[in-house]
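Student: I have a protein model open and would like to learn how to read it. Could you take me through some of its features, one at a time?

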Amino acid sequence: MEGYANNKDLTYPDVFKEWWEGQIQTLKPSTIKAKKNKFNKWILPHFAQLKICEINKKYFQDFVNKMAASMPSFKDYVIQARLVFKYALQEEYISTDPTEHIIYPVLDKHIAKDEEPFDGVWTREETTKFLLMAKEKCDLRNYAMFHTLIWTGLRKGELLALQDQDIIKESQELYVRRTLYWEDGEYLLLTPKTKNARRKIKLDDTTFELLTRLMKVNREIRFSLGRQNDRQKFLFIRDELQPLRLGYPNETLKSLCKQFKIKYIKVHGLRHTYASLLFAAGAQLKEVQMQLGHARLETTANIYTHILEDTQQGVTQKLSDFMKKDVL
């Protein structure tokens with residue numbers, strides 16, 4: 001770019017101006033007006049006179065968050081702002097793109113309710129049968145997927161958003177901090193809807209070993225494709241290393257239930273199964289709430305009312321048996 005000793009002096013508006021001159025040659029007048037308005041009113045003021053090489057991922061994420069809080073259609077503004085960085089990378093004004101791997105904040109339209117209706121649950125026997133048969137019949141990815149769902153109670157979006165960095169080896173924990181959402185053929189990594197949804201879950205030895213093994217296999221796949229330096233390393237991947245579709249777990253579970261001759265429940269039913277087994281094992285309501293990531297204790301109580309009633313009856317019988325020992 002003329003007038004600059006080196007690229008380090010270029011500001012975001014400078015690069016925008018150069019990029020824009022190429023854009024207006026190909027756009028309709030109505031499109032030019034709409035795009036220019038977006039930049040003048042929202043995008044350029046945020047980046048002001050910042051040097052483009054000094055804008056980091058955190059600063060761009062702040063822009064994304066600001067736009068998400070301002071309007072439902074924020075994604076288009078983010079896309080427009082990113083085009084300038086892509087142009088700067090193409091022209092070698094910057095060496096890396098700070099807009100890569102940003103996280104889109106959750107909008108209400110992406111998350112319907114905290115929980116789906118309680119429409120199916122497995123007994124301990126059904127759960128054990130499924131896991132034993134899945135271990136024998138499924139490949140590592142699918143077995144690890146269903147095993148993890150059953151042993152952690154994750155929502156499927158939370159599971160499919162997991163990356164290597166979310167497995168904390170030192171404490172043997174799983175860090176839930178994102179949820180996966182697909183829109184127009186592209187995946188988005190959304191922030192959790194509530195504070196409690198962002199949580200750490202202690203893993204049992206078997207689940208931890210299984211996920212560690214899956215990470216090793218995935219590393220070998222990335223290495224064979226020359227993709228070992230990918231910044232995003234998803235745990236549950238397709239052949240092209242993208243995360244699985246949201247519909248995939250339900251489709252696979254339905255097929256396996258038919259094959260194993262086990263009552264079919266949706267993937268969300270595995271979450272309910274997890275909670276039911278926790279209660280049966282003696283977990284308290286508050287403990288189950290924290291494991292599931294519910295925002296309110298009432299949510300947990302309302303969903304599992306019938307299970308809590310059974311548990312309370314069991315507690316009463318335990319008290320009765322205990323007192324009878326002393327009387328007799």
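Tutor: Gladly! Let us begin with a term: a residue is buried under 20% relative accessible area, exposed over 50%, and partly exposed in between. Keep in mind that this is a predicted model.

Student: Is aspartate 62 buried, partly exposed or exposed?

Tutor: Aspartate 62 has a relative accessible area of 33%, so it is partly exposed. Lysine 58, with 59%, is exposed.

Student: Why do you mention lysine 58 together with aspartate 62?

Tutor: Here is the general idea: side chains of opposite charge can pair when their charged atoms come close. In this structure, the side chains of lysine 58 and aspartate 62 meet in a salt bridge, at 3.6 Å from N to O. The two are four residues apart in helix H3 (residues 57-70), so about one helical turn separates them.

Student: How many salt bridges are there in the whole structure?

Tutor: A search finds 15. Another one joins the side chains of arginine 124 and glutamate 125, at 3.9 Å from N to O. Arginine 124 counts as exposed at 58% relative accessibility, and glutamate 125 is exposed too, at 51%.

Student: Which residue forms a salt bridge with arginine 227?

Tutor: Its partner is aspartate 230, and the closest N and O atoms are 2.8 Å apart. Try the cut-offs again here: arginine 227 has 32% relative accessibility, so it counts as partly exposed, while aspartate 230 has 19% and is therefore buried. Salt bridges can also link up into a network, as they do for Arg155, Glu158 and Arg199.

Student: Where does strand E5 have its covered face?

Tutor: Strand E5 (residues 199-202) has Arg199 and Ile201 on its covered face, and Lys200 and Lys202 on the uncovered one. E5 pairs with strand E2 (residues 173-176) in the antiparallel sense, over four bridges. In one of these, lysine 202 is the bridge partner of glutamate 173.

Student: What does the charged end of lysine 200 sit over?

Tutor: The ring of tyrosine 175, at 5.3 Å from the ring centre. Lysine 254 does likewise with tyrosine 264, its charged end being 6.0 Å from the centre of that ring.

Student: How should I read two rings that form a pair?

Tutor: Look at the distance between the centres and the angle between the planes: planes under 30 degrees apart count as stacked, over 60 as edge-to-face and the rest as tilted. The whole structure has 21 aromatic pairs. In one of them, tyrosine 12 and phenylalanine 85 are 5.3 Å apart, centre to centre, with 50° between the planes, and the pair is tilted. Tyrosine 12 is in helix H1 (residues 12-23) and phenylalanine 85 in helix H4 (residues 74-90), so the pair ties together parts that are 73 residues apart in sequence. Both tyrosine 12 and phenylalanine 85 are buried.

Student: Why is the pair of tyrosine 87 and tyrosine 93 edge-to-face?

Tutor: Because their planes are at 65°, with the ring centres 6.5 Å apart. Tyrosine 87 and tyrosine 93 are both buried.

Student: Which residues do ring pairs link into a cluster?

Tutor: Tyr12, Phe47, Tyr59, Phe60, Phe63 and Phe85.

Student: And which residues make a nonpolar surface patch?

Tutor: Val217, Ile221 and Leu225 make one of about 210 Å². Isoleucine 221 lies in helix H8 (residues 205-224), and at 31% relative accessibility this isoleucine counts as partly exposed.

Conventions. Residues numbered from 1 in each chain as written. Predicted model: local features only at pLDDT ≥ 70, side-chain atom pairs only at ≥ 80, totals over all residues. Heavy atoms only, no water. Phe/Tyr/Trp six-rings, centres within 6.5 Å; stacked < 30°, edge-to-face > 60°. Buried < 20%, exposed > 50% of the residue type's maximum accessible area, 1.4 Å probe, protein only. Lys NZ or Arg CZ within 6 Å of the ring centre and 35° of its normal. Patch = residues over 30% accessible without salt bridge, like charges linked within 9 Å, V, L, I, M, F, W, Y side chains within 5 Å. Areas by Shrake-Rupley, 256 points an atom, 1.4 Å probe, with all protein chains shown as cover. Salt bridge = Lys/Arg side-chain N within 4 Å of Asp/Glu carboxyl O. Pairing = 2+ DSSP bridges.
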